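Hello,

Here is the structure I promised to pass on to you.

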Amino acid sequence: MSYKYTHTMPPETDLPQFRPVDAAAMEQILPYLSLSKSRSCDFSYGGLLMWVEMFDYEYAIHRDTLYIKGRAPGDGEHTEPTPTFSYPLGTRPLQESVEVLRRYCNDRGLQLEFSSVPQEEADALMAIGGKEMHELPSWEDYIYDARQLATLAGKKMSKKRNHLNKFHDLYPDGNFRFMMPEDVAEVRRVISRKVEMEGAQTPEARTERRLADTLLSEIEKGNPHLLGGLLSIGDKLVAYTIGDVIGDTLHIHVEKAERTVAGSFEAINKLFAEAVCARFPEIRYINREDDAGDPGLRYAKQTYHPLYLLKKYNITF
């Protein structure tokens with residue numbers, strides 16, 4: 001049975017005015033991200049900023065509510081992009097926010113569609129008139145217990161501890177430190193080039209490596225909202241990672257390591273989690289994002305035993 005709105009809104013002639021998302025815009029966007037009830041990477045600082053080029057993200061803050069517009073996953077470079085929206089975040093009631101976007105779309109001859117909506121928010125949208133809901137299985141975020149990744153304690157983490165111990169045995173001068181702006185040039189010169197040679201050469205993999213440079217550039221500028229970590233053997237860099245903290249969750253956006261260095265991935269993963277959790281004691285969860293449907297990446301993420309997979313959906317009205 002179709003749903004009909006009974007709520008009437010006051011006359012409103014203005015509609016959201018969308019602008020491109022960039023580092024300057026993120027200062028306005030950031031306060032709204034913690035309002036999400038989920039721990040989706042789509043509502044994290046780096047999760048938005050890194051993928052602006054891929055999804056053409058734009059934003060509007062209208063009546064103390066954040067609206068984010070992008071293009072649907074799978075739109076090709078030579079096709080007309082299909083605008084989609086993220087779940088609205090702010091003080092405005094959800095039904096009013098949806099009606100604002102409905103008028104925005106009607107004004108432009110578009111269908112209203114929300115993309116990559118987490119489970120709880122998806123249920124809320126369907127309850128107020130969503131027509132169709134489609135699951136995005138390749139976009140599920142892997143959510144972990146932060147203390148478990150920071151300590152690798154427990155029987156099910158024994159294999160990870162073995163890999164970490166092997167790294168320390170083989171490389172007793174291995175060390176971790178937070179990334180500083182002056183480190184970025186060396187990361188690009190040494191690690192990024194090495195990972196490019198060793199890594200998968202699919203178009204998606206190459207795009208992801210290129211977009212990761214967006215976050216490196218922000219760290220180089222001294223962006224205080226991003227955290228980078230470096231793993232070295234002596235003074236030789238062998239791995240790096242980048243994340244950010246929203247509420248009780250550390251979001252990991254980039255993790256690159258030399259595959260020829262045994263245990264490098266386990267070491268950068270564990271030592272970064274340990275260092276960030278020590279700096280931010282409120283962290284309870286770590287979001288290591290989706291597997292993009294890649295079987296190898298899926299297996300690697302599952303070996304760390306996630307607490308749950310954060311399901312996401314597309315919803316049309």
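A charge counts as sitting over a ring if NZ of Lys or CZ of Arg is within 6 Å of the ring centre and within 35 degrees of the ring normal. Lys-160 and Tyr-304 are one such case: the charged end of Lys-160 is placed over the Tyr-304 ring, 4.1 Å from its centre. Another is Lys-69, which lies over the face of Phe-18 at 4.9 Å from the ring centre. Please keep in mind throughout that this is a predicted model.

Now to the rings themselves. The whole structure contains 10 aromatic pairs. In one of them, the centres of the Phe-55 and Trp-139 rings are 5.7 Å apart and the planes stand at 55°, so this pair is classed as tilted. The two partners come from distant parts of the chain, 84 residues apart: Phe-55 belongs to helix H3 (residues 52–55), while Trp-139 is in the loop between strand S7 (132–135) and strand S8 (141–145). Phe-55 counts as buried because its relative accessibility is 11%, under the 20% limit. Trp-139, with a relative accessible area of 24%, is partly exposed.

The second pair I would point you to is Phe-85 with Tyr-104, which is edge-to-face, with 6.1 Å from centre to centre and 90° between the planes. Phe-85 is in strand S4 (residues 83–85) and Tyr-104 is in helix H4, so this pair ties together parts that are 19 residues apart in sequence. Both of these residues, Phe-85 and Tyr-104, are buried. There is also a cluster, in which ring pairs link Trp-51, Phe-55, Tyr-57 and Trp-139.

Next, a polar detail. Asp-141 is part of strand S8 and is buried, with a relative accessible area of 0%. A polar atom of the Asp-141 side chain lies 2.8 Å from the backbone nitrogen of Cys-41.

The structure has two cavities of 30 Å³ or more. The largest cavity has a volume of about 170 Å³. Its lining is made up of 17 residues, and the closest to the centre are Tyr-57, Thr-84, Ser-86, Ser-115 and Ser-116. Strand S3 (65–71), S4 and strand S6 (113–118) each give two or more residues to this lining, and S3 has the largest share, with four. By class, the lining of the largest cavity comprises nine nonpolar, five polar and three charged residues.

The second largest cavity holds about 40 Å³. Among the residues that line this second cavity are Leu-149, Ile-252, Glu-255, Phe-272 and Arg-288. Strand S12 (249–257) and helix H10 (264–279) give two or more residues each, with the largest share, four residues, from H10. Six of the lining residues are nonpolar, one is polar and two are charged.

Strand S5 (89–90), helix H4 (94–107) and helix H5 (119–127) supply at least two residues each to the pocket lining; H5 gives the most, three residues. The pocket lining divides into seven nonpolar, three polar and four charged residues.

Best wishes

Note on methods: Residues numbered from 1 in each chain as written. Predicted model: local features only at pLDDT ≥ 70, side-chain atom pairs only at ≥ 80, totals over all residues. Heavy atoms only, no water. Nonpolar A, V, L, I, M, F, W, Y, C, P; charged D, E, K, R; others polar. Phe/Tyr/Trp six-rings, centres within 6.5 Å; stacked < 30°, edge-to-face > 60°. Buried < 20%, exposed > 50% of the residue type's maximum accessible area, 1.4 Å probe, protein only. Polar contact = N/O pair within 3.5 Å; in protein donor to acceptor, adjacent residues only side chain to side chain. 1 Å grid on protein atoms, 1.4 Å probe; cavity = no way out; pocket = protein on both sides within 12 Å on 5 of 7 lines; lining within 4 Å. Points joined across faces, edges and corners; volume = space filled by probe spheres on them.
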